Amino acid sequence: MTSAAHPPDAAPAWKRVAAMIDARDADAVAAAVVDLDEDGRRAVAAALPGHLKAARAAREPWEGIGDVLWAFRAAGAGTLGGAAAVASWLNRREFNNRWLGDPDDDGRLLDIWAGRDDAWRADLARRLAVRLRGPRYVGLSLVLTLLAETGAEPPDHDPLVVGWTLSGPPRPKDPLLPALLPRVFEAEGVGRALRRSNSWPVTLATMAARGDADPAALIDGCVRRFLRGGTELDLRFFVRLHDLLMDDDPSVRRDETAARARDYVRLLPSAPGPVAGHVLDLLREVPDLPAALLAEALDGVLFRPEAGIVRKGLSWLRTTVQRRPDMADACARALARAFGHESYAVRERAVRLALALPDRTDGTPLAAAAPLLPPDLGTRLASRYGGEVAPPVADDPDPAPAPLAPAAPRPAEHAPPPITTPAELARAFADLDRSLAGMEGLMAAFVALARTEPDAVRAALRPVLAPDFYPYIERERTWARLPEWLVAAGRSFAGSAPVPDDWRDRMPGVHDVCPVDLLALHRAAELLGAVEAGSLPPVLLATPTAPAGHIDAAVLTARLRTFAETGATPAPADLQQALLRLRHGPHPEGAECAARLGTPAARTVARWLEDPPVARIAMEDGRRGRPRATIGLEGVAGPLVDPGFATTFPNAAAPVRSRSSAESDGPFVLTAFPADADPDAGSLRRLEQNARDVATRSGGPAHDRWVEQRAGVEGRTPGACVPAAEPVTATETDVVPPPGPERDAAGESSAESGAAPITGMESRAYVSNGPTAAWARPEPRRDGFGAIATAQVGPSGTSAGPRTDGPTGLPLIDAIMAPSPAYRMGYRRYTDKWRYWLPSHREVAAAYLDHELRDDHPLSTEPGSPSAALLALTPANGPLAEGFADYLARCLGHSSSDRADRRFLDVCRRGELPADALARRTDRLLRAGELRPSRVARGLGLAAEAGAFADVWQVLTIALPLLGPGPGRRPVQRFDRFLELGTRTARWCGARGAIPEIDALAARKGTAAYLRAARALAAQLAP
C-alpha cells in the first residue's frame, strides 16, 4: 500500500526491519533504524503495533515474547517520533512481564537516542520517571542515566526517590544527589525500603563529617520526618541516621538538642517507641530545659504505654525533683498519669516516687488519680495525700479455668471367643490379617483340632489355603510376617499347596525385625516344623489363660505334665514365650511341681519359677543428649536353661557340616553373590573385612593370622577363587553377610557390587576355611533359624548343645532383654500386640519404642501405630519418665501455636505427668540453650489455661528452685514469667505452704522483675 504518508520506497525499509525482528537480532534493528530516513521511520512506526500483535498471536497464551522483546523495543525507540510515544512504547505490558526480568538494553537505547537533542531526551527522562512503580521499578537505571546525562530536574515522584535509594548508597559526585537527597525525608516508602540498610546511614554520616553534606539539614530532615509520623518500620532508618548524625561531643550534642527541644518534646506522647526512646535519651542530657517544656515532656513520656520508656521517664522525674525542687508540683501532675499504666511494677514505682516528693508538694492531682491504683497501692498513696481508694474487686478478674477432664478409662481386655470347630478354624485362616488379635486361639485350635479331627481340618482348610491365597510367599526371601508362617503351616497340613523346601532359611534375623516379633515368628515356624515332621505337640505351652496375656503358673506346670506323659518335647520358642507370660515374682509351688516332672523343659521352667530374672529399665543420655532406654537383668546368677533342653529348632533335616582335620581352627566364613556374578576386588575386600570381624567376635584367630592363612593357598594370591571340590553347608555363625544396604568403608554399596544375602539355592558363595578358598553353591540351612536359634559346633562337627552365652541361656529371651534395644522401621508391624506377648514385661517392650520420644512429631493415638503402642505399654511417669519428660519439654519449647500443646494435655488427662523429671529436664534444656524460656513459659501457661493448672503447678514447685539463682548460677532468662505463672496457678489451686528458695528470693532487696515476682508468689503461698 502506498500513499502520501507511506511512499513506495518506505515499504522495503519495513520489510528489512521486520525480518531483523523476526530473526531476533536487536543490535541489527538498532543499527537499521538509526540509518532510516524520516519516511522509513514513519513506515516502521506505523507497522510495529500490528507486527507485535501478530507475534503474540503466533504463540500460546502462556508464552511471552521474550525472544523478540529486545528487537521490538529497539525498533520503537528508534522510529517513534515523540517522547510521549516512546515512553508509552517502552512501558507496554508485553515488555514488562515479571517472568522476563528487568530490561538490560539501556546501552542500546541510549545509542539509538544519541542523535536526539537534549530537550527531547530530558522530556523522555521525565516521562519515563513518572511511570516508575514499585516494587520492581522497571526501567530505573535508564531513567537515572537520562536524568544524569541531560541535567533535567527530576519530577516530584516518590517511586523515583525510593528507586534511587535502592540503586545504591549515595555518592558525593552523583549529579542527582542535590535534587533527590532532600526528597529522601519527604517521599513515602523510603524509610521502609532502607529499614535494613547499613550503608545508607553510615555513608550519609561520613559525608556529613567530611563536608560533602550539610549535617544540620540532614538532622532537620530526620526531625521533619519524625513529626510527619509513621510506623516503626517507616521510621527505623531515620532514627539510626539521626543517632549517627548527632555529635559525639556531649556539650555540642546538648546544644543541638536544645535548639530542637520543642520539636523533640512534641514527639514524646505519640511517636513510635524507637523514636520516643531516642529523643527521650537526648532530652535527658539537657539539664536546663525551660520548666514549661520540661513539664510537657514529663507529661508526654509518662502517658505512653511502653513500660521501658515510662521507667526511663520516672527516673528522669526523680532526677528533676532532686535538681529542681521548684518543679515538684509539675512533676506531681505528670506522675499522676503513670497511675493508670497497665504494669503493676510501673504503678508501684510511681507510688514510691509520689511518697518521696517534698513535703510542700501539691498532692491534689495525685489524690484525684488514686482510684486508678490497685487497692494496696491506693491505700499507701492515700495515707499521705488522701483520695478515694478503689474498692477490692468482688469478682476475680482472673478466675480459675475448668479443670481438665480425665481421660476415658481404657476398655477392659477381653479374650476372643475360642475356636472349637474346623469350620471356625477355616474362617480364622481366611481372615488371617484381622484375626491376628486372636492368634493364640488360632494356633491352639490348630494344634488341638489337627490332632483330634485331622481329616475334617484338612477338608476345611484346602479351599481356603489354595495357591492363590497369599501367593507372594513363594517369592519372598524373608518371611517377616506371621501370616506367611501360619499359611505355610496350614498348607503343609492340608496339602493344598506346596511349601518351599528352603522355608527354614526364610526366618529373618534380629537386624530385620524386633526380637519381640522374632519370638512370635519362631513360634509360628515351630508349628510349621512340627507339621512337616508329623509331630504336632499335645498342647501349646504359651497359650494365655487371662485376657491380658498372662499364664497361670499352675496351668503351665499342668501343660508340662502333659508333655511328660506323652513323651513329647516342648518347642523352645513356645516355652520361652510361656515364661515371659508368667506374672511377676517367684512361684515356689509351681517350681516344686515342675521340678518333680524331671524333664529338661520342666527343670528349665522350675528354675525360672523359683527365682525369675527381673528386667530393669534405665535411661541414659544418647545422641545429642536425648534420653535412650537400656535394659538390665537382675537376679540371674547363671544360665536358667537345662543342659538337656535344646533351644534350637528341634526338627533338623540335615546334619551340621563337619570339618576335616586338615582345616584350620579359624572360623568358617562365607558370603554370597548372585549366581551370574563374579566378585570384583572391592567385593573381596569387603569379604575380607567382614570375615575379620567374624573372627574377632567368635574368638577365632587374630586378623593377621587369618590373612596369612588365606595367603597360604598354593599358587594363588589372597582373594583368589578356586573351584569347589564338594558342596558345603553353612550355619548362621558361618555366614558373613555382605555389607547391607548401608555403605561400607570403601563407599560402595552391596547393590552396586552385586553382593546379596544368602537366601537359598540361587546364589554362589565365596568360602574361606583356613588355608582353602572355594566357590560353592550352598545348600539350604536346616539346623537353626536366624542369628538366635543356632547350635554350637563341636570339635568333631557335631552339635555341642544349645547356646548358653546369654544371661539366661534362652536365646530369644536374651535377645529381647538385650542391654541396648535398637529401633528399626520393621518394628511398626506388630507393636500393638506386644502388650499381649509380654504382659509381665511391658516396660521392656516399651524400651524398643523409646525412639518415638526422640522424634518431635505428635504421639499418635491411632490404633496400630507405634506411638499408641508405647502409650499402652507404659505410663508416662513410669520407667521411661526421663524420655517422656524430654519429649514434653521440647514440645513446650518448640511450639509457637496459640493453643495448649495437645501432647502435654493428653498426658495430664491420664494422670501420668512425670512432674519431677519434666522439671529437671526443662532446667537442663533451658540452661543448655536448646529451648527458649519464653516459649516454655508460654506453653505451660496455655496448658494451665486449658485446665491443667494443677499439673503445671506441680511442675513449677519443683522447677522454680532449679530455674532460679543459686550458688554459681544465674536465673534463667524470663525467670519472672515462670514465677508469675506460679503465682497464678498457685492461686487457682489454692496452694499454701512456703517454698524456701522462693522465700529467700522474696527477702532480697532490689527491683529486678524476678524479685518482684518472687515476692508476689511468696505472699500467695503464705498461710
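The legends below describe an overview and several close-up views of a predicted model.

**Figure 1. Overall composition of the protein chain.** The predicted model contains 46 helices and 5 strands. Of its 1023 residues, 51% count as buried. The accessible surface comes to about 46700 Å², and 52% of that area belongs to carbon and sulfur atoms. Where contacts link residues at least 6 apart in sequence, 72% of them join residues at least 24 apart.

**Figure 2. The largest nonpolar core and the surroundings of Phe-429.** This core holds 153 residues, and Phe-429, Trp-834, Phe-904 and Phe-978 touch the most other members. Helix α43 (residues 933–963) supplies the largest share of the core, with 14 residues. A second, separate core comprises 130 residues, among them Phe-237, Cys-331, Ala-332 and Leu-366. Leaving aside residues up to four places away in sequence, Phe-429 touches Leu-442, Phe-446, Leu-461, Val-464, Leu-465, Phe-469, Leu-486 and Val-487.

Figure 3. Strand β1 (residues 614–621) and strand β2 (residues 627–634) run antiparallel and are joined by 8 bridges.

**Figure 4. Packing of helix α27 against helix α28.** The axes of α27 (residues 482–494) and α28 (residues 515–533) come within 9 Å and cross at roughly 10°. Because angles under 35 degrees count as roughly parallel, α27 is roughly parallel to α28. On the α27 side, the contacting residues are Leu-482, Trp-485, Leu-486, Ala-488, Ala-489, Ser-492 and Phe-493. In α28, they meet Ala-520, Leu-521, Ala-524, Ala-525, Leu-527, Leu-528, Val-531 and Glu-532. Leu-486 of α27 is also among the residues touched by Phe-429.

**Figure 5. Helix α41 and the elements that cover it.** Helix α41 (residues 902–909) has 8 residues, of which 6 are buried, so the helix is largely enclosed by the rest of the structure. Its buried residues are Arg-903, Phe-904, Leu-905, Asp-906, Val-907 and Cys-908. Phe-904 is also one of the residues that touch the most other members of the largest nonpolar core. The cover over the buried residues of α41 includes α40 (881–894), α42 (915–927) and α43. Just after α41, Gly-911 takes a positive phi of about 70°.

Conventions: Residues numbered from 1 in each chain as written. Predicted model: local features only at pLDDT ≥ 70, side-chain atom pairs only at ≥ 80, totals over all residues. Heavy atoms only, no water. Helix = DSSP H or I, 4+ residues; strand = E, 2+ residues; numbered from the N terminus. Buried < 20%, exposed > 50% of the residue type's maximum accessible area, 1.4 Å probe, protein only. Contact = heavy atoms within 4.5 Å. Areas by Shrake-Rupley, 256 points an atom, 1.4 Å probe, with all protein chains shown as cover. Core = buried A, V, L, I, M, F, W, Y, C linked by side-chain atoms within 4.5 Å. Pairing = 2+ DSSP bridges. Axes fitted to C-alpha atoms, helices over the stretch in contact; angles between N-to-C directions. Parallel < 35°, antiparallel > 145°, perpendicular 65-115°, else oblique.
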